[in-house]
Amino acid sequence: MKKSLEDHAARFDEKAGEYDESNSDEYRACANLVVEHAAPGEDDVVLDLGTGTGAIALALAPDADRVVGRDISEGMMEEAERKADEEGLENLEFDYGTFREPEYDGPVDVVTSNFAMHHLSDDEKREAIDVIAALEPRKFVLGDVMFFGEPDSDAPFYSPEVDDPATVGALADAFTDAGFSLTAVERVHDQVGVLVAERSPTAADADADADAEGEVGDPGDDPAADA
């Protein structure tokens, strides 16, 4: 991370009131794709990391059971809470948290993030993905600045002094190493995209499924078996 958390928080606090109006077309395209791929069910809990002013969290809240937003900027989250109140959404919770310390240990089905993880170094991104994997979501949808090829140094989409994007390959490796399978890659721009990673079933999941199938198929529970 090129700046401290405090520096990043202060920078976003300052721009919170005008952040939504300043977003690029690529940002909005990413946000739409993240929402589309997240597709939570009515019983799902969504964890939105780097939630900002709540673009993803508010869009997913009507379809989810609960949405938990985490960010380092109090100003940005105040905007998110204001918008949630205006829209009458009551199943959202916003509080301080980072990618590597999300300050959340409850159940989570879907993790989302849009235009936030690129502030971390590649090693920090790996740590963050490992932390997220430990929460055992079934899906992680990441929209972000990322390199599909060699970045154009004369026309970077990002700000080198504050941003540190990874290549798509580096992100894919980090997801795979953390037990996810990459199931979709959406290219919005040479330097912007959306990745969908789904968690591979663990041995514990397989055992639980086998036990469930055994219970369903147990002839002792079938009246016809006693006939």
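**Close-up views of a predicted model**

**Aromatic pairs across the model.** A search of the whole structure, which is a predicted model, finds three aromatic pairs. In one of them, Tyr27 and Phe115, the ring centres are 5.1 Å apart and the planes stand at 70°, so the pair is edge-to-face. Because Tyr27 lies in helix α3 and Phe115 in the loop between β4 and α6, this pair ties together parts that are 88 residues apart in sequence. Tyr27 is buried, with a relative accessible area of 10%. Phe115 counts as buried too, at 13% relative accessibility.

**Phe175 and Phe180.** These two residues form an aromatic pair that is edge-to-face, with 5.8 Å from centre to centre and 85° between the planes. Phe175 is buried at 0% relative accessibility, and Phe180 is buried at 2%. Ring pairs also bring in Phe140, so that Phe140, Phe175 and Phe180 are linked into a cluster.

**The buried side of helix α7.** Helix α7 spans residues 168–177, and within this helix Val168, Leu171, Ala172, Ala174 and Phe175 are buried. These residues lie on the same side of α7, because they cover an arc of only 160° around the axis. The cover over the buried residues of α7 includes helix α6 and the strands β5, β6 (166–167), β7 (180–189) and β8 (192–199). After α7 comes Gly179, whose phi is positive, near 95°.

**Asp44 and Arg138.** The side chains of Asp44 and Arg138 meet in a salt bridge, with 2.6 Å from N to O. The pair links distant parts of the chain, 94 residues apart: Asp44 is in the loop between α3 (25–38) and β1 (45–49), and Arg138 is in the loop between α6 (122–134) and β5 (139–147). Is Asp44 buried or exposed? At 9% relative accessibility, Asp44 counts as buried, whereas Arg138 is partly exposed at 37%.

**Arg100 and Glu127.** A salt bridge joins the side chains of Arg100 and Glu127, at 3.2 Å from N to O. Arg100 sits in the loop between β3 (92–96) and β4 (110–114), and Glu127 in helix α6, so placed that the pair links distant parts of the chain, 27 residues apart. Arg100 is partly exposed, with a relative accessible area of 32%. Glu127 is also partly exposed, at 41% relative accessibility.

**Lys125 and Asp122 in helix α6.** The side chains of Lys125 and Asp122 meet in a salt bridge of 3.6 Å, N to O. About one helical turn separates the two, because they are three residues apart in helix α6. An α-helix has 3.6 residues a turn, so residues three or four places apart point the same way. Lys125 is buried, with a relative accessible area of 3%, while Asp122 counts as partly exposed at 36%.

**Salt bridges and the whole chain.** The structure holds ten salt bridges. Side chains of opposite charge can pair when their charged atoms come close. Arg66, Arg70 and Glu93 are linked in a network of salt bridges. The chain has eight helices and eight strands. Of the 227 residues in the chain, 45% are buried. Among contacts between residues at least 6 apart in sequence, 71% join residues at least 24 apart. The accessible surface of the chain comes to about 11200 Å², and 44% of this surface belongs to carbon and sulfur atoms.

Methods: Residues numbered from 1 in each chain as written. Predicted model: local features only at pLDDT ≥ 70, side-chain atom pairs only at ≥ 80, totals over all residues. Heavy atoms only, no water. Salt bridge = Lys/Arg side-chain N within 4 Å of Asp/Glu carboxyl O. Helix = DSSP H or I, 4+ residues; strand = E, 2+ residues; numbered from the N terminus. Buried < 20%, exposed > 50% of the residue type's maximum accessible area, 1.4 Å probe, protein only. Arc of directions from axis to C-beta. Contact = heavy atoms within 4.5 Å. Areas by Shrake-Rupley, 256 points an atom, 1.4 Å probe, with all protein chains shown as cover. Phe/Tyr/Trp six-rings, centres within 6.5 Å; stacked < 30°, edge-to-face > 60°.
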